[in-house]
Structure formats: C-alpha cells, structure tokens
Amino acid sequence: MPSATPVAAITPEMVLVEAGSFMMGSADGQPDEEPVHEVQLIRSFYMGVYAVTFAEYDQFCADTRNNVPDDRGWGRGRQPVIHVDWIN
C-alpha cells in the first residue's frame, strides 16, 4: 500500500522516440554487435533522457513498499540504479 504521506512526484525529462526503422549493429565490431540488421519500431514511445537514479528508485520503493536494490558499494543518491530488472 502506498505511503499516506504525500511525496514529491518523480517527473523525469522524456523524449519522443518516433516510429520508424533504423539499421543496428556493426559489420566490424564485437561478435555480439553483428550482423547489421534493420530494426522497426511500429509505435512511437517516450523514454527517459537520463538513467533512473537510486534517489528516484528509492522513492519508488518507499512509496510501493518494495525492497531497495543493493548498490554494492557504488553509492546511491544520483548514481544510476543497478541490480533491477523488468519485473521490478
């Protein structure tokens, strides 16, 4: 259950990624970058300009009563959050 105490909203800067296609990969890069291939985005979507920080994610965890991820000694605050996945 969310916190009963009002908190400031997290409002990240977003950019529109428009539907379309682009070429992705490298013919002369690392093996996991091959082959060059076309990627098609069938719908436009918004994406955060900056990585989610520990401060933002910690607020989300407090509001939703989720466990905070371990920073493994890298530090929290404005550092990009690590050790989270799509399920989180």
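Mentor: Accessible areas come from the Shrake-Rupley method with a 1.4 Å probe, and for residues only the protein chains shown count as cover. By that method the protein exposes about 7500 Å², of which carbon and sulfur atoms supply 57%. This is a predicted model: local features need pLDDT of at least 70, side-chain atom pairs count only at pLDDT 80 or more, and totals for chains, interfaces and linings use all residues. Residues are numbered from 1 along each chain as its sequence is written, and side-chain values use heavy atoms, with hydrogens and water left out.

Trainee: Which residues of helix H1 are called buried?

Mentor: Buried means under 20% relative accessible area, with a 1.4 Å probe and protein chains only. In H1 (residues 54-64), Phe54, Tyr57, Cys61 and Asp63 are buried. Across the protein, buried residues make up 11% of the 88 residues. Arg65, which follows H1, has a positive phi, near 60°.

Trainee: How does the radius of gyration of the protein stand against that of a compact globule?

Mentor: The radius is taken over C-alpha atoms, and the globule rule is 2.2 Å times the number of residues to the power 0.38. For 88 residues a compact globule would have a value near 12 Å, but the protein has 18 Å. Its C-alpha atoms fill a box of roughly 50 × 30 × 20 Å along the principal axes.

Conventions:
Buried means under 20% relative accessible area, exposed over 50%, partly exposed in between (1.4 Å probe, protein chains only). Helices (H or I, at least four residues) and strands (E, at least two) are DSSP runs, numbered from the N terminus.
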